[in-house]
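Q: I'm new to this one. Please walk me through it, a bit at a time.

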Amino acid sequence: MMVRGYVTFRSVNKANYKAEDVAYISVGGFTVGEDQDEIVFDWASNSKQVAINEEGYLVIRVEMREFDEEYLISSNEGKDLALNYELLRKITSTQITDAYNEVNLYNSDGTVNESAYEPMLLQEFVLWVVSEKDDFYLQFTEENIKTYNEKHNLDAKEEVVA
């Protein structure tokens, strides 16, 4: 079974910079559920597309490849988890509690400004599953994503990031 993830993030604030000014993007390490029901998962590799949309927000689209089964097992010690349809269905139907992302911009001198963290809204999260028999998509609901953004105080603002 092959599982790819497709995640879209959008900046909380409108940008007054170009997509080329994005110096560093780190995405990965996802969690659904809490306490005993928590499931941590990730992928081994990814590629990113960065753009400023028509409304002036930074948008990052991430394609994640090679679902990391070893990370799934080691990060969820004591839980009997196997990569299968039931687990993926459980993941996408459980409240997402963490979608790690870090975005930094370049300073005017070309160095990375590590203290200028760009807060990002989670906009979409889809799993594409391909097996010998079938291929299909599983998606986190809009309500699930809205709850995640609200919990992390990621309400869209109209202010501009310097």
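A: One term to begin with: a residue is buried under 20% relative accessible area, exposed over 50%, and partly exposed in between (1.4 Å probe, protein chains only). The model is predicted, residues are numbered from 1 along each chain as its sequence is written, and side-chain values use heavy atoms, leaving out hydrogens and water. Local features need pLDDT of at least 70, side-chain atom pairs count only at pLDDT 80 or more, and totals for chains, interfaces and linings use all residues.

Q: OK. Is R4 buried, exposed or partly exposed?
A: R4 counts as partly exposed, because its relative accessibility is 22%.

Q: What does R4 form a salt bridge with?
A: R4 pairs with E63 in a salt bridge (Lys or Arg side-chain nitrogen within 4 Å of an Asp or Glu carboxyl oxygen). Their closest N and O atoms are 2.7 Å apart. R4 sits in strand β1 (residues 2–15) and E63 in strand β5 (residues 57–67), so the pair ties together parts 59 residues apart in sequence. Strands here are DSSP runs of E with at least two residues, helices are runs of H or I with at least four, and both are numbered from the N terminus.

Q: And how exposed is E63?
A: E63 is partly exposed, with a relative accessible area of 21%.

Q: How many salt bridges are there in the whole structure?
A: The search finds three. In another, the side chains of E34 and K151 meet at 3.2 Å, N to O. E34 is in the loop between β2 and β3 while K151 is in helix α3 (residues 142–151), so this pair links parts 117 residues apart in sequence. E34 is partly exposed at 47% relative accessibility, and K151 is partly exposed at 48%.

Q: What about K146 and E150?
A: Their side chains also meet in a salt bridge, at 4.0 Å from N to O. K146 and E150 are four residues apart in helix α3, which means about one helical turn separates them. K146 has a relative accessible area of 45% and is partly exposed; E150, at 43%, is partly exposed too.

Q: Switching to strands. What order do they take in the open sheet?
A: The order is β3-β2-β6-β7, with antiparallel pairing. β3 (39–41) and β7 are at the edges with a single partner strand each, so one side of each has no neighbour in the sheet. Two strands count as paired if DSSP finds at least two bridges between them.

Q: How many bridges join β2 and β6?
A: Eight bridges join β2 and strand β6 (residues 96–106). V22 stands opposite L105 in that pairing, and L105 also stands opposite N113 in β7.

Q: And the other two pairings?
A: β6 and β7 pair over three bridges, and β2 and β3 pair over three bridges. V32 stands opposite I39 in β3.

Q: What sits between β6 and β7?
A: Five residues, and the two strands form a hairpin. G110 in the turn has a positive phi of about 90 degrees.

Q: Is S26 buried or exposed?
A: S26 counts as buried, because its relative accessibility is 19%. S26 lies in strand β2 (residues 22–32). Leaving aside residues up to four places away in sequence, S26 touches Y100, N101 and E102 (contact means heavy atoms within 4.5 Å).
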